[in-house]
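Try each task on the structure before you read its solution.

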Amino acid sequence: MKQISIIAAKGGVGKTMLTAAFASLAKNLVLVDCDTESRDLSVFLNAEYKEEQKVDTIQRVAIAEDECIRCGLCKAMCHFDAVINPYGVYQIKEEHCQACDLCLNACPVSAIDHVKSEQNKWGVAATRFGDVYNAQLALGEDLNGKLISIIREKAQEQALAEAKDLVLIDGPPAVGFAIASTIAGVDVAVLVLEPTPSAISDLQKSKQLTERYEVPMVCLLNKSDLNPEMALQVKEYCGENEIPLIGEILFDSLFIESQMVGQTVVEFAPDSETTNLLKKSFEAIL
Ligand code: SF4
Ligand code: SF4
(Lines give C-alpha, C1' and ligand atoms only; values in the text may rest on other atoms or scores of the structure.)
(Ligands and ions follow the chains in the order given, each with its own letter.)
Protein backbone atom coordinates (compact mmCIF):
# COMPACT_ATOMS: atom_id res chain seq x y z
CA MET A 1 0.00 0.00 0.00
CA LYS A 2 1.31 3.39 -1.00
CA GLN A 3 0.68 6.72 0.76
CA ILE A 4 0.81 9.92 -1.28
CA SER A 5 0.34 13.47 0.05
CA ILE A 6 -0.66 16.24 -2.33
CA ILE A 7 0.58 19.52 -0.86
CA ALA A 8 0.78 23.19 -1.83
CA ALA A 9 2.81 26.08 -0.48
CA LYS A 10 -0.26 28.29 -0.60
CA GLY A 11 -3.97 28.09 -1.36
CA GLY A 12 -5.64 28.50 -4.74
CA VAL A 13 -3.19 26.53 -6.90
CA GLY A 14 -5.64 23.74 -7.78
CA LYS A 15 -4.40 21.16 -5.25
CA THR A 16 -7.82 19.78 -4.31
CA MET A 17 -9.06 19.69 -7.94
CA LEU A 18 -5.97 17.69 -8.91
CA THR A 19 -6.31 15.38 -5.89
CA ALA A 20 -9.92 14.67 -6.90
CA ALA A 21 -8.80 14.01 -10.48
CA PHE A 22 -6.16 11.54 -9.23
CA ALA A 23 -8.81 9.90 -7.03
CA SER A 24 -10.90 9.24 -10.12
CA LEU A 25 -7.91 7.60 -11.79
CA ALA A 26 -7.08 5.32 -8.86
CA LYS A 27 -9.02 2.09 -8.54
CA ASN A 28 -8.67 0.96 -4.95
CA LEU A 29 -8.03 3.74 -2.47
CA VAL A 30 -8.89 5.51 0.76
CA LEU A 31 -8.84 9.32 0.83
CA VAL A 32 -7.80 11.74 3.57
CA ASP A 33 -8.98 15.35 3.56
CA CYS A 34 -6.60 17.43 5.73
CA ASP A 35 -8.44 20.73 5.35
CA THR A 36 -9.88 20.86 8.86
CA GLU A 37 -11.60 24.18 8.26
CA SER A 38 -13.57 23.75 5.05
CA ARG A 39 -13.13 20.05 4.06
CA ASP A 40 -13.05 21.06 0.39
CA LEU A 41 -12.26 17.61 -1.01
CA SER A 42 -15.15 15.99 0.87
CA VAL A 43 -17.54 18.73 -0.25
CA PHE A 44 -16.39 18.54 -3.87
CA LEU A 45 -16.82 14.76 -3.94
CA ASN A 46 -20.28 15.10 -2.39
CA ALA A 47 -19.27 12.80 0.45
CA GLU A 48 -22.01 11.19 2.55
CA TYR A 49 -21.19 10.64 6.21
CA LYS A 50 -21.06 7.10 7.54
CA GLU A 51 -19.66 7.95 10.96
CA GLU A 52 -18.67 11.07 12.87
CA GLN A 53 -17.01 11.19 16.30
CA LYS A 54 -16.02 13.90 18.71
CA VAL A 55 -12.36 14.09 19.64
CA ASP A 56 -11.90 14.46 23.36
CA THR A 57 -8.85 16.70 23.64
CA ILE A 58 -7.19 18.47 26.53
CA GLN A 59 -7.32 22.16 25.77
CA ARG A 60 -5.38 24.54 28.00
CA VAL A 61 -6.11 25.12 31.67
CA ALA A 62 -8.67 27.14 33.58
CA ILE A 63 -8.82 28.68 37.06
CA ALA A 64 -11.81 28.01 39.32
CA GLU A 65 -12.54 31.50 40.62
CA ASP A 66 -14.27 30.36 43.79
CA GLU A 67 -11.34 28.13 44.80
CA CYS A 68 -8.57 30.65 44.04
CA ILE A 69 -7.00 32.31 47.12
CA ARG A 70 -5.31 34.98 44.94
CA CYS A 71 -1.73 34.17 45.92
CA GLY A 72 -0.43 35.13 42.46
CA LEU A 73 1.88 32.11 42.19
CA CYS A 74 0.46 31.02 38.83
CA LYS A 75 1.09 34.44 37.31
CA ALA A 76 4.65 34.45 38.64
CA MET A 77 5.32 30.94 37.25
CA CYS A 78 3.96 31.43 33.74
CA HIS A 79 6.62 32.09 31.07
CA PHE A 80 4.02 32.99 28.45
CA ASP A 81 2.13 35.86 30.11
CA ALA A 82 -0.93 33.65 29.94
CA VAL A 83 -2.14 34.43 33.46
CA ILE A 84 -3.87 37.77 33.84
CA ASN A 85 -5.63 39.29 36.82
CA PRO A 86 -8.06 41.97 35.74
CA TYR A 87 -9.62 43.53 38.84
CA GLY A 88 -7.73 41.02 40.99
CA VAL A 89 -9.45 37.96 39.46
CA TYR A 90 -6.90 35.45 38.16
CA GLN A 91 -7.74 34.12 34.70
CA ILE A 92 -6.03 32.25 31.85
CA LYS A 93 -5.59 34.02 28.53
CA GLU A 94 -6.24 31.03 26.25
CA GLU A 95 -4.46 32.33 23.17
CA HIS A 96 -1.20 32.66 25.15
CA CYS A 97 -1.40 29.43 27.16
CA GLN A 98 0.96 26.67 26.00
CA ALA A 99 -0.53 24.02 28.30
CA CYS A 100 2.82 23.51 30.05
CA ASP A 101 1.05 22.79 33.38
CA LEU A 102 3.55 24.82 35.47
CA CYS A 103 0.80 26.89 37.08
CA LEU A 104 -1.39 23.83 37.60
CA ASN A 105 1.37 22.08 39.53
CA ALA A 106 2.25 25.21 41.51
CA CYS A 107 -1.21 26.22 42.70
CA PRO A 108 -1.36 25.60 46.49
CA VAL A 109 -5.12 25.00 46.52
CA SER A 110 -5.53 23.03 43.25
CA ALA A 111 -7.69 25.77 41.76
CA ILE A 112 -6.31 25.15 38.26
CA ASP A 113 -7.41 22.23 36.12
CA HIS A 114 -7.37 21.07 32.51
CA VAL A 115 -10.28 22.04 30.30
CA LYS A 116 -11.52 19.46 27.85
CA SER A 117 -12.83 20.37 24.45
CA GLU A 118 -15.23 18.07 22.65
CA GLN A 119 -15.92 20.36 19.73
CA ASN A 120 -13.32 18.84 17.41
CA LYS A 121 -14.58 16.00 15.25
CA TRP A 122 -13.33 13.43 12.81
CA GLY A 123 -15.50 11.51 10.41
CA VAL A 124 -15.56 9.07 7.54
CA ALA A 125 -17.78 9.57 4.52
CA ALA A 126 -18.47 7.63 1.35
CA THR A 127 -17.58 8.99 -2.09
CA ARG A 128 -17.88 7.32 -5.50
CA PHE A 129 -14.11 6.70 -5.44
CA GLY A 130 -13.79 5.35 -1.91
CA ASP A 131 -14.14 6.50 1.68
CA VAL A 132 -12.75 9.87 2.72
CA TYR A 133 -11.57 10.61 6.26
CA ASN A 134 -11.85 14.22 7.37
CA ALA A 135 -11.90 16.35 10.50
CA GLN A 136 -13.44 19.54 11.75
CA LEU A 137 -11.50 21.90 13.95
CA ALA A 138 -13.35 24.03 16.48
CA LEU A 139 -12.94 27.76 15.98
CA GLY A 140 -9.82 29.23 17.55
CA GLU A 141 -8.14 25.91 18.33
CA ASP A 142 -4.76 24.84 17.02
CA LEU A 143 -5.02 21.08 17.16
CA ASN A 144 -4.71 20.63 13.40
CA GLY A 145 -1.76 18.28 13.72
CA LYS A 146 -3.49 16.04 16.23
CA LEU A 147 -6.67 15.79 14.15
CA ILE A 148 -4.75 15.06 10.96
CA SER A 149 -2.78 12.33 12.72
CA ILE A 150 -6.06 10.75 13.87
CA ILE A 151 -7.66 10.69 10.41
CA ARG A 152 -4.47 9.47 8.73
CA GLU A 153 -4.26 6.62 11.23
CA LYS A 154 -7.93 5.69 10.68
CA ALA A 155 -7.49 5.77 6.90
CA GLN A 156 -4.39 3.62 7.11
CA GLU A 157 -6.20 1.07 9.31
CA GLN A 158 -9.02 0.80 6.76
CA ALA A 159 -6.60 0.59 3.84
CA LEU A 160 -4.71 -2.27 5.49
CA ALA A 161 -7.88 -4.11 6.55
CA GLU A 162 -9.40 -3.88 3.06
CA ALA A 163 -6.16 -4.41 1.10
CA LYS A 164 -6.33 -1.00 -0.58
CA ASP A 165 -3.52 0.00 -2.91
CA LEU A 166 -3.38 3.65 -2.00
CA VAL A 167 -4.01 6.24 0.71
CA LEU A 168 -4.33 9.56 -1.11
CA ILE A 169 -3.99 12.58 1.16
CA ASP A 170 -5.20 16.04 0.19
CA GLY A 171 -2.96 18.31 2.28
CA PRO A 172 -4.00 21.39 4.23
CA PRO A 173 -4.47 24.68 2.32
CA ALA A 174 -0.80 25.66 2.78
CA VAL A 175 2.42 24.00 3.97
CA GLY A 176 2.51 26.11 7.13
CA PHE A 177 -0.47 24.19 8.55
CA ALA A 178 0.40 20.91 10.28
CA ILE A 179 2.71 19.83 7.48
CA ALA A 180 4.55 17.32 9.68
CA SER A 181 1.35 15.36 10.37
CA THR A 182 0.39 15.54 6.69
CA ILE A 183 3.60 14.17 5.21
CA ALA A 184 5.16 12.06 7.98
CA GLY A 185 5.70 8.52 6.75
CA VAL A 186 4.29 8.98 3.24
CA ASP A 187 6.03 7.49 0.22
CA VAL A 188 6.02 10.76 -1.66
CA ALA A 189 4.79 14.35 -1.32
CA VAL A 190 3.53 15.93 -4.54
CA LEU A 191 3.96 19.71 -4.50
CA VAL A 192 1.37 21.44 -6.70
CA LEU A 193 2.74 24.72 -7.98
CA GLU A 194 1.66 27.46 -10.37
CA PRO A 195 4.24 29.56 -12.25
CA THR A 196 3.67 32.68 -10.16
CA PRO A 197 6.38 35.12 -8.97
CA SER A 198 6.56 33.29 -5.61
CA ALA A 199 7.03 29.86 -7.25
CA ILE A 200 10.77 29.54 -6.56
CA SER A 201 10.50 30.58 -2.91
CA ASP A 202 7.50 28.22 -2.55
CA LEU A 203 9.65 25.43 -3.98
CA GLN A 204 12.54 26.26 -1.64
CA LYS A 205 10.28 26.35 1.41
CA SER A 206 8.59 23.06 0.51
CA LYS A 207 11.93 21.41 -0.26
CA GLN A 208 13.28 22.39 3.18
CA LEU A 209 10.17 21.09 4.93
CA THR A 210 10.04 17.75 3.13
CA GLU A 211 13.78 17.24 3.63
CA ARG A 212 13.37 17.93 7.33
CA TYR A 213 10.85 15.08 7.54
CA GLU A 214 12.85 12.89 5.13
CA VAL A 215 10.02 12.62 2.61
CA PRO A 216 10.80 12.55 -1.13
CA MET A 217 9.17 15.45 -2.96
CA VAL A 218 8.11 15.70 -6.59
CA CYS A 219 6.62 18.71 -8.34
CA LEU A 220 3.48 19.05 -10.48
CA LEU A 221 3.31 22.33 -12.38
CA ASN A 222 -0.27 23.50 -12.82
CA LYS A 223 -1.32 26.07 -15.47
CA SER A 224 2.26 26.07 -16.71
CA ASP A 225 1.30 27.91 -19.92
CA LEU A 226 0.08 31.01 -18.02
CA ASN A 227 3.63 32.26 -17.39
CA PRO A 228 6.13 30.41 -19.64
CA GLU A 229 9.12 32.39 -18.34
CA MET A 230 8.36 31.52 -14.72
CA ALA A 231 7.55 27.93 -15.70
CA LEU A 232 11.03 27.69 -17.23
CA GLN A 233 12.60 28.95 -13.99
CA VAL A 234 10.66 26.31 -12.04
CA LYS A 235 11.88 23.59 -14.40
CA GLU A 236 15.47 24.82 -14.08
CA TYR A 237 15.23 24.91 -10.28
CA CYS A 238 13.80 21.39 -10.22
CA GLY A 239 16.58 20.16 -12.52
CA GLU A 240 19.35 21.79 -10.47
CA ASN A 241 17.93 20.47 -7.19
CA GLU A 242 17.03 16.97 -8.41
CA ILE A 243 13.31 17.45 -7.77
CA PRO A 244 11.43 15.26 -10.26
CA LEU A 245 8.91 17.27 -12.29
CA ILE A 246 6.18 14.67 -12.81
CA GLY A 247 4.02 16.73 -15.13
CA GLU A 248 2.82 20.02 -16.50
CA ILE A 249 -0.91 20.68 -16.64
CA LEU A 250 -2.07 23.44 -18.97
CA PHE A 251 -4.81 25.95 -18.21
CA ASP A 252 -8.08 24.34 -19.29
CA SER A 253 -11.63 25.66 -18.87
CA LEU A 254 -12.70 22.00 -18.57
CA PHE A 255 -11.70 22.19 -14.89
CA ILE A 256 -14.35 24.85 -14.27
CA GLU A 257 -16.96 23.18 -16.48
CA SER A 258 -16.50 19.83 -14.73
CA GLN A 259 -16.60 21.48 -11.30
CA MET A 260 -19.92 23.11 -12.17
CA VAL A 261 -21.52 19.70 -12.68
CA GLY A 262 -19.82 18.13 -9.65
CA GLN A 263 -17.42 15.95 -11.61
CA THR A 264 -13.67 15.68 -11.83
CA VAL A 265 -12.14 16.65 -15.15
CA VAL A 266 -11.26 12.97 -15.69
CA GLU A 267 -14.93 11.99 -15.41
CA PHE A 268 -16.19 14.97 -17.39
CA ALA A 269 -13.74 14.76 -20.28
CA PRO A 270 -12.10 11.32 -20.24
CA ASP A 271 -10.57 11.70 -23.71
CA SER A 272 -9.27 15.25 -23.29
CA GLU A 273 -5.63 16.27 -23.46
CA THR A 274 -5.83 17.37 -19.80
CA THR A 275 -6.98 13.91 -18.71
CA ASN A 276 -4.09 12.38 -20.68
CA LEU A 277 -1.62 14.70 -18.95
CA LEU A 278 -3.13 13.84 -15.56
CA LYS A 279 -2.89 10.11 -16.29
CA LYS A 280 0.79 10.45 -17.16
CA SER A 281 1.47 12.52 -14.02
CA PHE A 282 -0.37 10.03 -11.82
CA GLU A 283 1.50 7.08 -13.32
CA ALA A 284 4.75 8.89 -12.56
CA ILE A 285 4.02 8.96 -8.82
CA LEU A 286 2.62 5.43 -8.45
S1 SF4 B 1 -0.37 26.08 31.67
FE2 SF4 B 1 1.64 27.02 31.43
S3 SF4 B 1 1.35 28.48 29.79
FE4 SF4 B 1 -0.68 27.96 30.51
S5 SF4 B 1 -1.13 29.50 32.02
FE6 SF4 B 1 -0.25 27.78 33.12
S7 SF4 B 1 1.94 28.25 33.27
FE8 SF4 B 1 1.07 29.59 31.70
S1 SF4 C 1 -1.78 29.83 42.09
FE2 SF4 C 1 -3.86 29.09 42.41
S3 SF4 C 1 -4.56 30.17 44.22
FE4 SF4 C 1 -2.76 31.23 43.51
S5 SF4 C 1 -3.59 32.86 42.21
FE6 SF4 C 1 -3.12 31.14 40.89
S7 SF4 C 1 -5.04 30.00 40.77
FE8 SF4 C 1 -5.21 31.37 42.49
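Below are the exercises, each with a worked solution.

This is a predicted model, in which local features need pLDDT of at least 70, side-chain atom pairs count only at pLDDT 80 or more, and totals for chains, interfaces and linings use all residues. Residues are numbered from 1 along each chain as its sequence is written, chains are lettered from A and ligands numbered from 1 in the order in which they are written, and side-chain values use heavy atoms, with hydrogens and water left out.

**Exercise 1: the domains**

Find the domains of the chain and the separation of their centres.

Step 1. The chain splits into domain 1 (2–55 + 120–285) and domain 2 (65–110); such bounds come from an automatic or database domain assignment.

Step 2. Taken over C-alpha atoms, the centres of domain 1 and domain 2 are 42 Å apart.

**Exercise 2: the two ligands**

Work out which residues come nearest to ligand 1 and to ligand 2.

Step 1. A residue counts as near a molecule or strand if one of its heavy atoms lies within 4 Å of it.

Step 2. Ligand 1 has 13 residues around it, and the nearest are Cys78, Cys97, Gln98, Cys100 and Cys103.

Step 3. Ligand 2 also has 13 residues around it, with Cys68, Cys71, Gly72, Cys74 and Cys107 coming nearest.

Step 4. Now sort by class: Ala, Val, Leu, Ile, Met, Phe, Trp, Tyr, Cys and Pro are nonpolar, Asp, Glu, Lys and Arg are charged, and the others, Gly among them, are polar. The shell around ligand 1 gives 11 nonpolar, 1 polar and 1 charged residues. For ligand 2, the shell divides into 11 nonpolar, 1 polar and 1 charged.

**Exercise 3: aromatic pairs**

Count the aromatic pairs and describe their geometry.

Step 1. Here's the rule: rings of Phe, Tyr and Trp (its six-membered ring) pair if their centres lie within 6.5 Å, and planes under 30 degrees apart count as stacked, over 60 as edge-to-face and the rest as tilted. The count comes to 2 aromatic pairs.

Step 2. Phe22 and Phe282 are stacked, at 5.0 Å centre to centre with 15° between the planes. Phe22 sits in helix 1 (residues 15–25) and Phe282 in helix 11 (residues 273–285), so this pair ties together parts that are 260 residues apart in sequence. Helices (H or I, at least four residues) and strands (E, at least two) are DSSP runs, numbered from the N terminus. Both Phe22 and Phe282 are buried, where buried means under 20% relative accessible area, exposed over 50%, and partly exposed in between (1.4 Å probe, protein chains only).

Step 3. Trp122 and Tyr133 have ring centres 6.3 Å apart and planes at 20°, so they are stacked too. Trp122 belongs to strand 6 (residues 112–127) and Tyr133 to strand 7 (residues 130–136), 11 residues apart. Trp122 and Tyr133 are buried.

**Exercise 4: two helices**

Check the spans of helix 7 and helix 5, then look at their buried residues.

Step 1. The expected span is 1.5 Å times one less than the number of residues. Helix 7 (residues 199–212) has 14 residues, so it should span 20 Å, and its end C-alpha atoms agree at 20 Å apart. Helix 5, with 18 residues, reaches 26 Å from first C-alpha to last, close to the expected 26 Å.

Step 2. The buried residues of helix 7 include Asp202 and Lys207. Their cover includes strand 1 (2–8), helix 8 (228–240) and strand 10 (217–222).

Step 3. Among the buried residues of helix 5 are Arg152 and Gln158. Gln158 counts as buried at 11% relative accessibility. Leaving aside neighbours within four places in sequence, Gln158 is in contact (heavy atoms within 4.5 Å) with Val30, Val124, Asp131, Tyr133 and Lys164.

**Exercise 5: positive phi**

Which phi values do Arg70 and Glu242 take, and are these residues buried or exposed?

Step 1. Some background: most residues other than glycine have a negative phi.

Step 2. Arg70 has a positive phi near 60° and is found in the loop between strand 3 (48–63) and helix 3 (73–77). At 54% relative accessibility, Arg70 is exposed.

Step 3. Glu242 has a positive phi of about 55° and lies in the loop between helix 8 and strand 11 (245–249). Glu242 is exposed, at 71% relative accessibility.
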